[in-house]
Amino acid sequence: MNDDELIASAAGYLNPRQVADRLIGDVASTLVTDRGNAYHGVCIDTPCGTGFCAEHSAIAAMVTGGEERIAAIVAVWRDDDGALYVLPPCGRCREFVRQLHPGNLDTRVVLGRDRAAPLRELLPAHEWPAPLG
């Protein structure tokens, strides 16, 4: 799946709606594993911080499917005027991807139609430190 297809796939899962005082489904994510399988998820916002990002949701689906290596991942959001945006993963999502499998440092993170970077570039100083002295 190329980056445009990955973005379009994620956009297909956008389904924003209010549930009580919460907004859910306004950010969607698609990831592709090293085996070529695609998994999808949406965000769930909560007022007390127990919600999670779309990337977390897609990763949970992937783990449920028996995989842990992510080849590429993207998250998207659409504004009220219908413009589509690619959102970079937050720091929590970046670290979550890294901790899931050491090989995920090479995950291609899609940052736009013509822009992507390996996770390792988005996580400076990710290596375990050397002992002092």
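A residue counts as buried under 20% relative accessible area, as exposed over 50%, and as partly exposed in between. Keep those cut-offs in hand for the charged residues below. The model is predicted.

Start with helix H3, which spans residues 91–100. Arginine 98 has a relative accessible area of 25%, so arginine 98 is partly exposed. Glutamate 95 also stands at 25% and is partly exposed. The side chains of these two residues meet in a salt bridge, at 2.6 Å from N to O. Why are they about one helical turn apart? Because arginine 98 and glutamate 95 are three residues apart within H3. Side chains of opposite charge can pair when their charged atoms come close.

Now move past H3. Arginine 120 forms a salt bridge with aspartate 106, and the closest N and O atoms are 3.0 Å apart. Arginine 120 belongs to helix H4 (residues 119–122), while aspartate 106 sits in the loop between H3 and E6. The two are 14 residues apart in sequence, so this pair ties those parts together. Arginine 120 has 35% relative accessibility, which makes it partly exposed.

Arginine 108 forms a salt bridge with aspartate 3, the closest N and O atoms being 2.6 Å apart. Arginine 108 lies in strand E6, residues 108–112. Aspartate 3 lies in helix H1, residues 3–11. Are the two partners buried or exposed, or in between? Arginine 108 is partly exposed, with a relative accessible area of 39%. Aspartate 3 has 14%, and because the cut-off for buried is under 20%, aspartate 3 is buried.

How many salt bridges does the structure hold? There are five, including the pairs described above.

A search of the whole structure finds one cavity of 30 Å³ or more. The largest cavity holds about 40 Å³ of space. Its lining consists of Glu55, Ile73, Pro89, Cys93, Arg94, Val97, Val109 and Leu119. Which element gives the largest share of that lining? Helix H3 does, with three residues. By type, the lining has six nonpolar residues, two charged and no polar.

Notes
Residues numbered from 1 in each chain as written. Predicted model: local features only at pLDDT ≥ 70, side-chain atom pairs only at ≥ 80, totals over all residues. Heavy atoms only, no water. Salt bridge = Lys/Arg side-chain N within 4 Å of Asp/Glu carboxyl O. Helix = DSSP H or I, 4+ residues; strand = E, 2+ residues; numbered from the N terminus. Buried < 20%, exposed > 50% of the residue type's maximum accessible area, 1.4 Å probe, protein only. 1 Å grid on protein atoms, 1.4 Å probe; cavity = no way out; pocket = protein on both sides within 12 Å on 5 of 7 lines; lining within 4 Å. Points joined across faces, edges and corners; volume = space filled by probe spheres on them. Nonpolar A, V, L, I, M, F, W, Y, C, P; charged D, E, K, R; others polar.
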